[in-house]
Amino acid sequence: MRSRYNVGTPLYMPLEALVDNVYSPASDIFSVGIIFYELLTGTTPWECREEKQLIKKIKEEPYFLADHFKVSTSIANILKSMCAVAMEERITKEDFLNLNLTYESVNPEEKREAARKLMERKRRLEGLAKDRSLTILGANKEKTGMTARI
């Protein structure tokens, strides 16, 4: 009798691997999609501690990327196609390898919004750096009689 076991970390495995021990390039696409999801959100789409619970969640809870995770529509769609539960709905390896993931592929409105947010963040960080510089200048002068800028 052949023993059945899964190879890999369950949180990154597609349903076909968890339930039927079936692995394919589509399984790898799913796993990479879960890793991308985790990089963007800090968590995996289906969190749990036991494999049986994970299988139940994958079957019953649809894939979902909350609106507060600001990603472009094109990236959200790619991620959704990578994390599709049904293997036949997943993006193929060939289509994945042919994706244009460059900044130029982003819609112009999303580019403008991203540029605006970057400038806003830069101004905020520059403000923090000024405040920190003043604090450190004061602390260094009191301790050593000298000043330094970071």
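At 41% relative accessibility, Glu 126 counts as partly exposed, where buried means under 20% relative accessible area, exposed over 50% and partly exposed in between (1.4 Å probe, protein chains only). The model is predicted, and local features were required to have pLDDT of at least 70, side-chain atom pairs pLDDT 80 or more, while totals for chains, interfaces and linings use all residues. Residues are numbered from 1 along each chain as its sequence is written, and side-chain values use heavy atoms, with hydrogens and water left out.

Glu 126 is the partner of Lys 122 in a salt bridge whose closest N and O atoms are 3.9 Å apart. A salt bridge is here a side-chain nitrogen of Lys or Arg within 4 Å of a carboxyl oxygen of Asp or Glu. Lys 122 is partly exposed, with a relative accessible area of 45%. Because Lys 122 and Glu 126 are four residues apart in helix 6, about one helical turn separates them.

The protein contains six helices and zero strands, in the order α-α-α-α-α-α along the sequence. Helices (H or I, at least four residues) and strands (E, at least two) are DSSP runs, numbered from the N terminus. Of the 150 residues in the protein, 25% are buried.

Seven salt bridges were found in a search of the whole structure. A second pair in helix 6 consists of Glu 120 and Arg 116, whose side chains meet at 3.0 Å, N to O. These two residues are also four residues apart, so they are separated by about one helical turn. Glu 120 is partly exposed at 36% relative accessibility, and Arg 116 is likewise partly exposed, at 41%. Both belong to a network of salt bridges that links Glu 113, Arg 116, Lys 117, Glu 120 and Arg 124.

A further salt bridge joins Glu 16 to Arg 90, with the closest N and O atoms 2.8 Å apart. This pair links distant parts of the chain, 74 residues apart: Glu 16 is in helix 1 (residues 15–20), and Arg 90 is in the loop between helix 4 and helix 5 (93–97). Both Glu 16 and Arg 90 are buried.

Helix 1 also holds Val 19, which is partly exposed at 29% relative accessibility. The C-alpha atoms of Val 19 and Ile 55 are 7.6 Å apart, although the two residues are separated by 36 residues along the chain. In the loop between helix 1 and helix 2 lies Asn 21, whose phi is near 60°, a positive value in a residue other than glycine. Most residues other than glycine have a negative phi. Asn 21 is buried, with a relative accessibility of 18%.

The largest pocket has a volume of about 650 Å³. Of the 24 residues in its lining, Lys 70, Val 71, Ser 72, Ile 75 and Ala 76 are the closest to the centre. Helix 2, helix 4 (73–82) and helix 6 (108–144) are the elements that give two or more residues to the lining. On a 1 Å grid over the protein atoms alone, a pocket is an open set of points where a 1.4 Å probe fits, with protein on both sides within 12 Å along at least five of seven lines; lining residues have an atom within 4 Å of a point. Grid points are joined across faces, edges and corners, and the volume is the space filled by probe spheres set on the points.

The lining of the largest pocket comprises 17 nonpolar residues, one polar residue and six charged residues. In this division, Ala, Val, Leu, Ile, Met, Phe, Trp, Tyr, Cys and Pro count as nonpolar, Asp, Glu, Lys and Arg as charged, and the others, Gly among them, as polar. Ser 72 is in the loop between helix 3 (51–60) and helix 4 and is buried, at 15% relative accessibility.

Leu 39 lies in helix 2 (residues 25–41) and is exposed, with a relative accessible area of 67%.
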